[in-house]
Each structure stands twice: as C-alpha cells, then as structure tokens.
Amino acid sequence: MIRVLIADDHAIVRAGLSQLIGTADDLELVGAADDGDQAVTMAAELRPDVVLMDLSMPGTDGVAATGRIVAADSSVRVVVLTSFSDQTRILDALQAGAEGYLLKHSEPEVILAGIREVMAGGSPLDPKAARVLLTHRRNPGPEVKLTGREQEVLRMVGDGLPNKTIARRLGISERTVKAHLTNVYQRLGVTDRTQAALWAQRHAQRQPDQGY
C-alpha cells in the first residue's frame, strides 16, 4: 500500500482527493493537513510515502513545507498539486525537493498515476511544468555573484540562523546583516528569507571563493 498525505487549505479539495484515493486499492490515505505547518507536523508523525502538496496556503506555503519535509525525511516523496503553472512556482517547488508537479485540472486518473509514478522513482510532471523545466535548463540565466560577506550571511541563513546570531558570529550589527540580506534578495531574485535559505541549501556544494 502507498501511504498518502494530503495538504490543501480548501476543505472541498481535501474531501475530493480523499474520495479519489479511496477508490484505489493500492493507496491508503493517512491524513489531510489544511496548511503547510500542519503538513510538516503530520509528515513527521505519520511518515507517509507520498505527500500531495498544494502551494498556496496560509502561513507556511507549499514550497517551504516541501523543503522542511524533505529535509527531515528524504524518503518522503512530494508531488505538488496546484492551480499555478507559472515558472517561478514550478522551479521553486522542484528545487525545494518536490519530485512531481501536477495541476488541479488534471483528470483523476492522472493524479492517481502520478502518485504511483513517483513511488516507482519517476517524476510526474504536467506538460506545462515539463516545458518550463526544459526551458530553464536550456537557459539557466546569468551566474549570481555575491561578495564574500554576503556569501557568509547567506550560508548562515541557509543553516537556519536568525539575524541576531549571524551578527554575533560575524562581529557586525543586525542592521548590517539586514542590509546584506536585502542585497542578497535582489541578486538572487527572491523575496524572502525562506526562498533565500532554500537557494543557499541548493548551492551549498559550491566553494565560497568561487561565488554562486
């Protein structure tokens, strides 16, 4: 049996997906979360095989929740199931650790097949998501250049350290840390700390003196 956790803030969607999973003899619904924080908690407690993850949820969104779930247990497969098909969301979700990206208008059979495919080691992608991914790989964009101090701040953000701790470790003020982060956000093309942390974690294998 493939154990499935649903994460979606709309009750009608959770109910519909629950009924859909109930029609499959090889799938078992183990829980349904209504926001990202609850999804992270339930994933840790219930240890599902697959999480069907919505992206737009109050509080912790689906991208951040995906990153936290995968970081805590890499055996959990996350398949995004959302209404959004823009490039930024698709890339952010996949880079956070999602192994599949499906749209809510998909036929029920496609969603069920996606769950089975990801368990078999595949990456179920809606055609729109697949096109975005291919385009990005062909045109990855310019290399990001950060100063040495910006790289230090970013690495610490990626480690989950608050500004106060970063300031103390680097011997600078919190205001200076915030100024560095503002520059980092602009250069990375992100808008908040969570996205910057995910970016830092994805690029952690690169050496500091080589830039990102």
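Predicted model: local features only at pLDDT ≥ 70, side-chain atom pairs only at ≥ 80, totals over all residues.
**Helix packing and positive phi values**

Student: How many residues does α5 have, and what does it reach end to end?

Tutor: α5 runs over residues 108-119, 12 residues in total, and reaches 17 Å from its first C-alpha to its last, close to the 16 Å expected. The expected span is 1.5 Å times one less than the number of residues. Helices here are DSSP runs of H or I with at least four residues, and strands are runs of E with at least two, numbered from the N terminus.

Student: Which residues of α5 are buried?

Tutor: Ile111, Leu112, Gly114, Ile115 and Val118. Buried means under 20% relative accessible area, exposed over 50%, and partly exposed in between (1.4 Å probe, protein chains only).

Student: Where do they sit around the α5 axis?

Tutor: On the same side of α5, because they cover an arc of only 150° around the axis. The arc is taken from the directions from the helix axis to the C-beta atoms.

Student: And what do the buried residues of α5 pack against?

Tutor: β1 (2-7), α1 (11-22), β2 (27-33), β3 (50-53), β4 (77-82) and β5 (100-103). Contact means heavy atoms within 4.5 Å.

Student: Switching topic: how do α7 and α9 cross?

Tutor: The axes of α7 (residues 148-158) and α9 (residues 174-188) come within 9 Å and cross at roughly 90°. α7 is therefore roughly perpendicular to α9, a label for angles of 65 to 115 degrees; under 35 is roughly parallel, over 145 roughly antiparallel, and the rest oblique. Axes are lines fitted to C-alpha atoms, for helices over the stretch in contact, with angles from 0 to 180 degrees between N-to-C directions.

Student: Which residues make that contact?

Tutor: Arg149, Glu150, Val153, Leu154 and Val157 of α7, with Val177, His180, Leu181, Asn183, Val184, Arg187 and Leu188 of α9.

Student: Which residue other than glycine has a positive phi?

Tutor: Arg47, with phi near 50°. Arg47 lies in the loop between α2 (36-46) and β3.

Student: Is Arg47 buried or exposed?

Tutor: Exposed, with a relative accessible area of 52%.

Notes:
Residues numbered from 1 in each chain as written. Heavy atoms only, no water.
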